[in-house]
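Me: I've got a two-chain model open and I'd like to learn how to read it. Can we go through it feature by feature?

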Amino acid sequence: MNRTFSPLILAALLIFLIGPFLIIVAASLSAGDTLTFPPQGLSLRWIAKVFTVESFRDSFIMSMILAVGGTFLALLLGVPAAYALSRYKLPFGEVVNTIVTLPIIVPGIIVGLALLRYVVVPFSFSIGIALFLAHTALVLPYTVRVVSSSFNNLRSDMEEAAVLLGATRLGAFFKVVLPNIQSGILAAFILGFVTSFNQVPVSLFLSGPGVRTLPIDMLSYMETTYDPSVAALSALLALMSIGIVFLAERFLGFSRYV
Amino acid sequence: MSDRAFLSLENLTLSYGNSIAVNKFNLDIRKGELVAFLGPSGCGKTTTMRSIAGLLNPTSGRITLDGTDITRVSANKRNVGLVFQSYALFPHLTVYENVAFGLRLKRMADADINARVTAGIKSVGLAALSGRKPAELSGGQQQRVALARSMVMEPKVLLLDEPLSNLDARLRVEMRAELQRVQKETGITMIFVTHDQAEALSLADRIVVMRNGLIEQVGTPEEIYNNPVSAFVADFVGFENVFALKDGKLATPGGAVALSEALPGNAAGFAWRPAGVVLDTGPFQGKVKSVSFTGNLREYLLDTPLGPITAEVSAALPVHDLGTELAFDLPLKAAAPLQRFA
Ligand SMILES: Nc1ncnc2c1ncn2[C@@H]1O[C@H](COP(=O)(O)OP(=O)(O)OP(=O)(O)O)[C@@H](O)[C@H]1O
Ligand SMILES: [Mg+2]
């Protein structure tokens, strides 16, 4: 952290970053019937209610499937891509690198609109599959980046040593490369999971009957019902994210990769 | 032991993209021989090793091992071991598992693996550390693990890229002896790379001096040490006073200089070790520019009409001060004639 930051600026920054989270947590503990801050009395009833709303359960499962499955697919594509990019001087390596990074730069709203307008509608493509592929594409850049940095930190002569001891190239990859980038892959998975889970703009366009992610569901819930259960759900999700990142940092030194 | 070549490199040319790193390399190595590649940084030692191991495809030329052309055989089928300059140990495996890696791939019985690995680790003096991970070892210990890992595979040829460079002076001498013992015991054919002429001289059966991707000279340590063929080799093995020969005279910065004895005209140059220069008497004059004490000897750097001359005399003799004018001689009997100067 920069030394020139005065404690005052630091405090302001922390309030700015953590403040909304604290307000949400406080609002979710309200005993009143509407979403207000400061809360009117304290109770856990809105937190309890979150677990009884059926659409929350369904969209949570949908978000989990997208986040876990999409990230898994992104890793399946991203790990070999990152490997090739870091080990070989590919003729179009730079181009591939740029294309893979595009989804980070292009606003999600454009990606979502484009997918809906030019893929789903004209080809009557299943919205669920489109949503899944969109999440995969959004997560892919993160997996490629994070795993690439693991590969770059791993000297290539280890694989050569394995080959000279009788391993095939593929065998060397599984026996000596993968075990040494495990934590990079896990870090990529967590980053991808969180990115996908919190994704709104793309999912907004690719929602339909029975296909709705949790953040989108929360938005539409709020349009009709203005009770603190949304705040309660937000607080729970934030805690889940914090928990995951905390564990990742604790066991993997997550911040090395991001 | 046959005189027939066991490993032979024929017209081997190796390049990275368009730049040629090793050019038309020709070398025959006998079975059981210990050969040193000696040369300055960037001369192509590692590149040559990598091509023998199969990690680099030659642009042209042929590699034959034990009667078989292996030029196009893939690296994992050559049975050539390589100890990397950077060790290249597997960080996630213990010392034991690193050494066992290749044997496991061969699907040997566990008991056999255990016997070989244990013996291998013991022979490099790491029995007590076999449960450690590479990150918990010193550089020298890692190097020894890398050595054991290759040795247990009983390769036909073992290539060692600067195997002793990371050891301290005492351990280096120990490992030198160790390497020599293992080599004599197993009769394994070895090529090792070194920058260090003392190491090459003391270890090798034969030395290959390389320069800019070309072989400069191949010979026994005695041949290389006493009869360098070129100014480059002479300089590399400690002849610090090297002169080209022109019309029977030494070509020096101060013009052509005749020695007291007639010089044979068939040599391209002459070289003297510092110890070969005679001080305090002789036809030439030089001014003492620096003096350094090296234990038994005292080394003088003289500023002379022949250019800078380095001379070494017993440290027991009285010291000459800086700036003193000294007489010196370059006796023909101490000179090494060079076949090539450039
Ligand atoms: N991967 C590479 N790509 C391009 N050029 C290379 C590569 N590796 C080596 N070279 C070049 O090939 C030449 C020979 O390199 P090599 O590594 O064989 O030298 P070396 O004799 O082993 O040197 P050192 O004693 O420093 O290890 C050098 O000029 C080097 O710059
Ligand atoms: Mg080298």
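Reply: Start with contact, which here means heavy atoms within 4.5 Å. By that rule, 17 residues from chain A and 19 residues from chain B take part. Keep in mind that this is a predicted model, where local features need pLDDT of at least 70, side-chain atom pairs count only at pLDDT 80 or more, and totals for chains, interfaces and linings use all residues. Residues are numbered from 1 along each chain as written, chains are lettered from A and ligands numbered from 1 in the order written, and side-chain values use heavy atoms, without hydrogens and water.

Me: How much area is buried between chain A and chain B?

Reply: The size of an interface is often given as the accessible area lost when the parts come together. Buried area is that loss with a 1.4 Å probe, summed over both parts. Between chain A and chain B the figure is about 1600 Å², with 70% of it from carbon and sulfur atoms. Glu160(A), Leu164(A) and Leu165(A) supply 42% of what chain A buries against chain B, more than any other three residues.

Me: And which residues form a salt bridge?

Reply: The rule wants a side-chain nitrogen of Lys or Arg within 4 Å of a carboxyl oxygen of Asp or Glu. It finds one across this interface: Arg50(B) with Glu160(A), their closest N and O atoms 2.8 Å apart.

Me: Which element of chain A gives the most to the side that touches chain B?

Reply: Helices are DSSP runs of H or I with at least four residues, strands are E runs of at least two, and both are numbered from the N terminus. Helix 7 of chain A gives the most, with seven residues.

Me: Is helix 1 of chain B mostly covered or uncovered?

Reply: Buried means under 20% relative accessible area, exposed over 50%, and partly exposed in between (1.4 Å probe, protein chains only). Helix 1 of chain B is mostly covered, with eight of its nine residues buried, Arg50(B) among them. Thr46(B) has 29% relative accessibility, so it counts as partly exposed.

Key: Buried area = accessible area lost by both parts, 1.4 Å probe.
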